[in-house]
Structures are given as structure tokens and as C-alpha cells.
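Thank you all for coming, and please have the model open while I talk.

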Amino acid sequence: MPSTPLCLVSELPEKTAKSYKFDDLSCFIIKYEGQVYAYLNACPHRNIELEWQENDFFDHNKDYLQCATHGALFLPHNGYCITGPCSQASLTPLTILIIDDRIHIKY
Ligand code: FES
């Protein structure tokens with residue numbers, strides 16, 4: 001399983017996200033309450049990317065991750081959908097490693 005280096009933890013401010021594309025993988029990382037999480041960039045409702053603008057995955061209050069297409073809201077720390085057409089489904093988490101402050105994603 002390859003491990004791909006991304007940005008530094010210190011380059012990812014609290015409650016922000018960055019998206020990445022590798023070959024056939026579209027994913028994003030977030031920082032939430034000091035922790036870094038990674039998910040496939042695919043809404044469980046229609047299997048399409050979530051954001052409406054680059055790196056914009058949080059809702060207006062930055063409490064949830066939001067799908068721009070039909071407004072589903074997901075808990076940032078586990079990707080569980082609390083409301084919307086895919087309620088009770090979840091984003092697909094990806095495994096990350098942090099080595100010397102640099103975030104790596106395994107896929
Ligand atoms: S495609 Fe995400 S809520 Fe419909």
C-alpha cells in the first residue's frame with residue numbers, strides 16, 4: 001500500500017480542508033479539534049465530489065462537513081451523515097500517517 005506525502009500538519013489550519021487527486025483517487029484531509037482526518041472525496045448519496053469551491057468542505061459555521069450538491073452534513077471526526085439524503089451513511093475514511101509533521105495518506 002503506497003504512502004503519499006501531503007502538506008505539513010502546521011500548514012493545515014483548524015477547521016480547514018485540502019483536497020488532493022492521485023491517479024484515480026480523489027480525497028481530502030481536514031483538521032478538526034487538533035486532529036487530522038482524511039476521507040475519499042465522494043458523497044455516499046451520489047458518489048460525487050463534495051465541495052463547491054476548491055478546499056471548501058466545511059459548512060458555514062464550520063461545525064460539519066457539507067456536500068454542496070444536496071446539503072448533507074457529516075460529522076468531521078468520523079464522516080457520519082447526520083442529515084440529508086444519505087442520512088446515517090458515512091464518508092469513507094482513509095488512513096493517514098504523520099511523519100515529522102508531514103501528513104501522508106495510505107491508499
Ligand atoms: S450528492 Fe451529496 S447529498 Fe446528494
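**Strands and sheets**

Let me begin with strands β8 and β9 (residues 102–106), which pair in the antiparallel sense over five bridges. Here two strands are said to pair if DSSP finds at least two bridges between them, while strands themselves are DSSP runs of E with at least two residues and helices are runs of H or I with at least four, numbered from the N terminus. As a reminder for those new to this, strands of a sheet pair through backbone hydrogen bonds, either parallel or antiparallel.

Please keep in mind that this is a predicted model, in which local features need pLDDT of at least 70 and side-chain atom pairs count only at pLDDT 80 or more, whereas totals for chains, interfaces and linings use all residues. Residues are numbered from 1 along each chain as its sequence is written, and side-chain values use heavy atoms, with hydrogens and water left out.

Which residues of β9 stand opposite I96 and T95? I96 faces I105, and T95 faces K106. Two residues lie between the strands in this hairpin of β8 and β9, and D100 takes a positive phi near 50° there. On strand β9 we also find H104, which is buried, with a relative accessible area of 13%; buried means under 20% relative accessible area, exposed means over 50%, and partly exposed lies in between, using a 1.4 Å probe and protein chains only. Leaving out residues up to four places away in sequence, H104 touches S3, T4, P5, L6, T95, I96, L97 and I99, where a contact means heavy atoms within 4.5 Å.

Strand β8 (residues 93–99) is also joined to strand β4 (residues 35–40), by two bridges, and these two strands run antiparallel. Within that pairing, P93 in β8 is the bridge partner of Y39.

What is the order of the strands in the sheet of six? The sheet is open, with antiparallel pairing, and its order is β1-β9-β8-β4-β3-β2. Its edge strands, β1 (3–8) and β2 (16–22), each pair on one side only. Neighbouring strands of this sheet are turned by 30° against each other on average, with direction ignored; the axes behind such angles are lines fitted to C-alpha atoms, for helices over the stretch in contact, and angles run from 0 to 180 degrees between N-to-C directions.

There is also an open sheet of three strands, ordered β5-β6-β7, again with antiparallel pairing. Because β5 (65–66) and β7 (81–83) each have a single partner strand, they stand at the edges, and one side of each is left without a neighbour in the sheet. Strand β6 (residues 73–74) pairs with β7 in the antiparallel sense over two bridges, and F74 stands opposite C81 in β7.

**Aromatic rings**

Rings of Phe, Tyr and Trp (its six-membered ring) pair if their centres lie within 6.5 Å, and planes under 30 degrees apart count as stacked, over 60 as edge-to-face and the rest as tilted. By this rule the model has three aromatic pairs. Y20 and F22 form a stacked pair, 6.1 Å from centre to centre with 5° between the planes. Another pair, F28 with Y39, is tilted, at 5.8 Å between the centres and 40° between the planes. This pair links distant parts of the chain, since F28 is in strand β3 (residues 25–32) and Y39 in strand β4, 11 residues apart. F28 and Y39 are both buried, and together with F57 they form one aromatic cluster.

**Cysteines**

How many disulfides are there? Taking a disulfide as a pair of cysteine sulfur atoms within 2.5 Å, the count is zero.

**The whole protein**

To finish, the protein has zero helices and nine strands. Its radius of gyration is 13 Å, close to the 13 Å that the globule rule gives for 107 residues, so the protein is as compact as a globular protein of that length; the radius is taken over C-alpha atoms, and the rule is 2.2 Å times the number of residues to the power 0.38. Buried residues make up 38% of the 107 residues.
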